[in-house]
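The sequence and structure are shown first.

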Amino acid sequence: MLTLRSKLVNNYFKRGLFLGIFLSFSAHAQLHVETYGFGATQIPIAVSGFTNEELAPEMVSKIIKDDLNSSGYFKVLNTLGSTSETDNVDLPNWKSQGADALLVGSVQKLDDGRYDVRYKLYDTNKSSTLSAFAVAGSPQYTRLSAHKIADDVFEKLTGIRGIFSTRIAYVAKNGTNYQLEVTDADGAGLQTAVRSKEPIISPSWSPDGTKVAYVSFELKKPVVYAQNLITGQRTLIANYKGNNSAPAWSPDGNKIALALSKDGLTQVYSVNADGSGLQRLTNTSGIDTEPQYSSDGQSIYFTSDRSGGPQIYRMSASGGDAKRVTFTGSYNISPRISPDGQTLAYISRRDGKFQLYALDLGSNQELRLTDTQDDDSPSFAPNSKYIVYATEMAQRGSLGVVSVDGRTKQRLTTQAGDVRNPTWGPFMK
Amino acid sequence: MSSIPTKLALVFAAAALFSACSTPKVEEKPPVAAAPAPEPAKPVENRVVAPVVVPEVDPLNDPKGVLAKRSVYFDFDSYAIKDEFNPLLAAHAKYLSSHTSHKILVQGNTDERGGREYNLALGQKRAAAVTKSLTALGVAGGQVEAVSLGKEKPKAAGHDEAAWAENRRADIVY
């Protein structure tokens with residue numbers, strides 16, 4: 001795997017960069033997805049049609065191609081016809097056509113109504129099999145099967161875990177209707193988790209992927225709920241006097257950090273996942289809000305105006321002294337720490353524009369990731385390689401996805417209304 | 001002498017008529033009874049005065065009254081209450097002090113620029129400035145709750161300075 005990767009990288013540098021603008025749109029998508037740009041290296045891969053895939057409700061090979069294209073890590077080569085995992089393949093021939101990897105497969109309808117999707121991933125340079133697998137799923141999970149195969153291809157060829165089978169939750173606003181919606185990472189497969197006539201903000205996905213905590217204004221003030229996505233059961237997490245907002249789960253799922261104004265101005269507190277065990281973590285005479293646990297659960301990053309304008313600070317997860325983290329610019333908010341602990345994403349206001357930045361915590365190098373000017377609410381993909389965020393396009397709320405190196409960008413928009421406040425869900429079985 | 005049986009016969013006939021259209025029933029009253037003497041009427045308490053309270057016109061519901069004004073506006077990036085809103089706050093403080101069963105929410109708002117959560121905290125700062133002013137004027141702390149809607153419920157939908165100024169506001173909600 002490592003050999004292949006370095007070889008692919010070398011090959012790629014020899015060839016130079018391809019300019020890529022990829023468009024993908026699924027008929028079932030509620031969110032329209034456009035991808036711009038490409039990664040520093042793009043692995044050329046041939047994805048053949050899967051034998052008998054027309055039997056399933058969705059074309060598996062097309063979903064895989066769209067996933068790989070949107071990632072920015074691949075250049076997907078066009079192929080003709082279909083090849084199954086049991087067919088003989090002429091790997092040197094594929095290699096001569098420019099493919100460093102080849103994906104083939106088949107779809108079979110099982111007696112119990114499920115679809116069995118099998119595939120094989122070849123390394124054309126070494127003429128070897130990199131991966132082979134079968135995924136069986138009921139018809140409505142055909143997309144998921146395809147995303148899981150794309151995840152495996154991504155991981156085998158880049159060494160990075162794929163996020164195609166993960167999900168994103170966000171708030172859709174249409175007039176005075178607010179919905180908390182959940183989709184696949186590619187914007188398809190929409191499901192509605194909450195409908196309300198009052199605003200919903202700041203959804204935060206629990207580490208096990210079964211719950212989302214969020215702020216609802218249904219009681220004429222912000223109140224924090226946690227909702228089990230599977231059962232629909234809502235638990236009131238915080239309804240203290242004043243504001244209750246900015247929930248964020250600890251990595252073990254046992255605690256929720258949040259911002260409350262019960263003692264005056266907004267301060268950071270933590271509660272147990274059922275709302276019990278309130279603890280105050282900050283103690284200033286200003287604003288402390290937007291807590292986020294580090295991936296090891298030891299620290300909390302948060303926004304504070306203790307030095308004047310809002311800046312990002314870090315303290316122990318049990319509270320106490322805080323260290324300032326951001327120093328450039330007078331307005332830095334909404335800290336999000338990558339799951340690998342290497343990158344801090346945040347929104348910075350510079351020259352009147354609110355834009356998404358990434359700070360490499362190792363080198364202290366800061367990178368602006370967007371060209372838009374109303375960015376908000378960043379959230380890391382569980383593999384730490386992408387950030388989804390809210391932004392405005394033509395005065396309508398839309399979502400953007402950007403790679404942490406800023407090279408690959410996607411925009412997710414709806415036909416009508418606004419989408420905002422995204423939260424990227426965790427890896428799930 | 002014959003008049004009594006005749007009377008009885010008539011009464012029985014009437015009873016038969018009635019019973020024809022109802023279930024048979026034992027007569028409860030004797031058919032002939034002297035009318036009881038009327039009880040003497042209770043003496044009329046003609047010196048009692050029943051009080052009538054004309055409902056007070058609640059100044060809270062007077063659309064032209066000072067209490068109908070319930071919004072305090074703020075400058076950009078400011079959480080200080082401008083002098084022009086002192087009469088408004090004094091009027092609400094007076095009313096709340098004399099109507100201690102009333103509880104109010106003070107909802108702070110911000111313009112649309114900036115992050116949702118940070119704006120929620122800034123709106124809270126505006127609401128807190130209003131509640132602080134009210135309690136300083138004698139309103140009990142338990143009667144007022146400062147909350148924020150941040151930039152989530154803008155009153156003005158535009159994206160210009162006029163709309164932003166309208167949305168930099170705290171509202172008193174009874």
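This is a predicted model: local features need pLDDT of at least 70, side-chain atom pairs count only at pLDDT 80 or more; totals for chains, interfaces and linings use all residues.

Of the 429 residues of chain A, 52% count as buried. The secondary structure of chain A consists of 4 helices and 31 strands. Among contacts between residues at least 6 apart in the sequence of chain A, 46% join residues at least 24 apart. The C-alpha trace of chain A spans about 70 × 50 × 40 Å along its principal axes.

**Domains.** Chain A is divided into two parts, domain 1 (2–158) and domain 2 (167–424). Taken over C-alpha atoms, the centres of domain 1 and domain 2 of chain A are separated by 33 Å.

**Helix 2.** Helix 2 of chain A covers residues 60–71 and has 12 residues. From its first C-alpha to its last, this helix reaches 17 Å, close to the 16 Å expected at 1.5 Å a residue. Helix 2 of chain A is largely enclosed by the rest of the structure, because 11 of its 12 residues are buried. Among them are the nonpolar A:Val60, A:Ile63, A:Ile64 and A:Leu68, but also A:Lys65, A:Asp66 and A:Asp67, which are charged. Just after helix 2 of chain A, A:Gly72 adopts a positive phi of about 85°.

**Contact between the chains.** Chain A gives 29 residues to the contact and chain B gives 19 residues. On the side of chain A that touches chain B, the elements giving two or more residues are the strands tabulated here.

| Strand of chain A | Residues |
|---|---|
| Strand 11 | 200–205 |
| Strand 15 | 244–249 |
| Strand 19 | 288–293 |
| Strand 23 | 332–337 |
| Strand 27 | 376–380 |

The residues on this side of chain A divide into 12 nonpolar, 12 polar and 5 charged.

In soluble globular proteins, nonpolar side chains tend to be buried together. The largest nonpolar core in the model has 124 residues. Helix 3 (residues 116–136) of chain B supplies the largest share of this core, 9 residues. Domain 1 (2–158) and domain 2 (167–424) of chain A each contribute at least three residues to this core. The residues with the most contacts inside the core are A:Ile45, A:Ile64, A:Ala101, A:Leu103, A:Ala213, A:Leu258 and A:Ile387. One of these, A:Ile64, is a buried residue of helix 2 of chain A. Another, A:Ala101, touches A:Ile43, A:Ile45, A:Leu121, A:Tyr122, A:Asp123, A:Thr124 and A:Leu157, not counting residues up to four places away in sequence.

Terms used:
Residues are numbered from 1 along each chain as its sequence is written. Chains are lettered from A and ligands numbered from 1 in the order in which they are written. A residue is buried if 20 or more other C-beta atoms lie within 10 Å of its own, exposed if 12 or fewer, and partly exposed in between; C-beta atoms are placed from the backbone. Two residues are in contact if their C-beta atoms, placed from the backbone, lie within 7 Å. The expected span of a helix is 1.5 Å times one less than its number of residues. Domain bounds come from an automatic or database domain assignment. A nonpolar core is a set of buried Ala, Val, Leu, Ile, Met, Phe, Trp, Tyr and Cys residues joined through C-beta atoms within 7 Å.
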